[in-house]
Amino acid sequence: LAHAALSDLSNKKYIHHERVAREGWQARAGQNTLDVKVAGIQASMTKDGEGHRVTTLYPGGGKLELELTPEKPLIKFGERGLSRKGDGAASVSWYWSYTRLKAEGTLTLNGKTQPVRGEAWMDHEISSSQLGEGLEGWDWTCMQLDDGTEVKAYRLREMDGDSDPWSAVYWIDREGKTESVYSADFSWEEKDTWTSQKTGLKYPTTVEIIANHPNLGKKTYFIRPLLDPQEFTGNRADNAYWEGACEVLNIKGERLGSAYLEL
């Protein structure tokens, strides 16, 4: 299973698709390195073993080809990369990220090919279980701030709407060192919503996160979408969710950086 999405901010369009395929000529996965292919979606390591190549085909003849080069070391969240998600012994996931990658390549869209460049974030998370008892879902964001640092935050939503105690905020400094707090030291407040005309679902796409950094004190991050309709519907009608490009502002409304939000 693989999915891909493209937020076309200039034309205010959200292009997405999902592919399901079985191993064989439709799909493959390397055992010893990153080398995966599901239909028109491919990802592999570069020859030097440091960067990545990604190719995505979009409906209507679109194509994105990127080469991603790490600008920071691999970040391992939690002890040895084991990210705690609950009280139980099995409530952990392997969680590693490249929080800032230089991205360069080409994008073909509407019959035109153009060079593209920017910064990317790569998450790699594996767990043996889904949501724990008493949880109904999660919200997640990553932020690349203009000062060269990054922030990752997520809340595990309880049935009554509160955040599970193992919800967390992580800060990554310019050298790749991390600091973190759990839910007792941050809040995630919904500030505005967007309702999908396609599914009727209402998403809290504008949020404010206030967190107590262990060394720098209170930090406020106001996240708002750059495009409202960034709903991914996939192949199943019951699996819709919202994920897309956002910007980060401080308490004064000044830009802090870019963000990606998953609801």
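**The second largest pocket and the strands beyond it**

Author: Strand 13 (150–158), strand 14 (168–172), strand 15 (178–182), strand 18 (217–225) and strand 21 (255–262) each contribute at least two residues to the lining of the second largest pocket. Strands (E, at least two residues) are DSSP runs, numbered from the N terminus. The model is predicted: local features need pLDDT of at least 70 and side-chain atom pairs count only at pLDDT 80 or more, whereas totals for chains, interfaces and linings use all residues. Residues are numbered from 1 along each chain as its sequence is written, and side-chain values use heavy atoms, with hydrogens and water left out.

The largest share of this lining, three residues, comes from strand 18. In total, 23 residues line the second largest pocket, and Asp147, Thr149, Leu216, Lys219 and Tyr221 lie nearest its centre. A pocket, on a 1 Å grid over the protein atoms alone, is an open set of points where a 1.4 Å probe fits, with protein on both sides within 12 Å along at least five of seven lines; lining residues have an atom within 4 Å of a point. Its volume is about 390 Å³, taken as the space filled by probe spheres set on points joined across faces, edges and corners. By class, nine of the lining residues are charged, eight nonpolar and six polar. Here Asp, Glu, Lys and Arg count as charged, Ala, Val, Leu, Ile, Met, Phe, Trp, Tyr, Cys and Pro as nonpolar, and the others, Gly among them, as polar.

His213 belongs to strand 17 (residues 202–213). This histidine counts as buried because its relative accessibility is 11%, the class being under 20% relative accessible area, with exposed over 50% and partly exposed in between (1.4 Å probe, protein chains only). At 2.9 Å, the side chain of His213 reaches the backbone nitrogen of Asn215.

Strand 1 (residues 2–8) and strand 2 (residues 13–19) pair in the antiparallel sense over seven bridges, two strands being paired if DSSP finds at least two bridges between them. Asp8 stands opposite Lys13 in strand 2. Four residues separate the two strands of this hairpin, and Lys12 in the turn has a positive phi of about 55 degrees.

Two loop residues deserve mention. Asn110 has a positive phi of about 55 degrees although it is not a glycine. Asn110 sits in the loop between strand 10 (92–109) and strand 11 (112–127), and is exposed, with a relative accessible area of 67%. Ala39, in the loop between strand 4 (35–38) and strand 5 (41–45), has a positive phi near 50 degrees; at 26% relative accessible area, Ala39 is partly exposed.

Definitions and conventions: A polar contact is a pair of N or O atoms within 3.5 Å; within protein, one must be able to donate a hydrogen and the other to accept it, and residues adjacent in sequence count only if both atoms are side-chain atoms.
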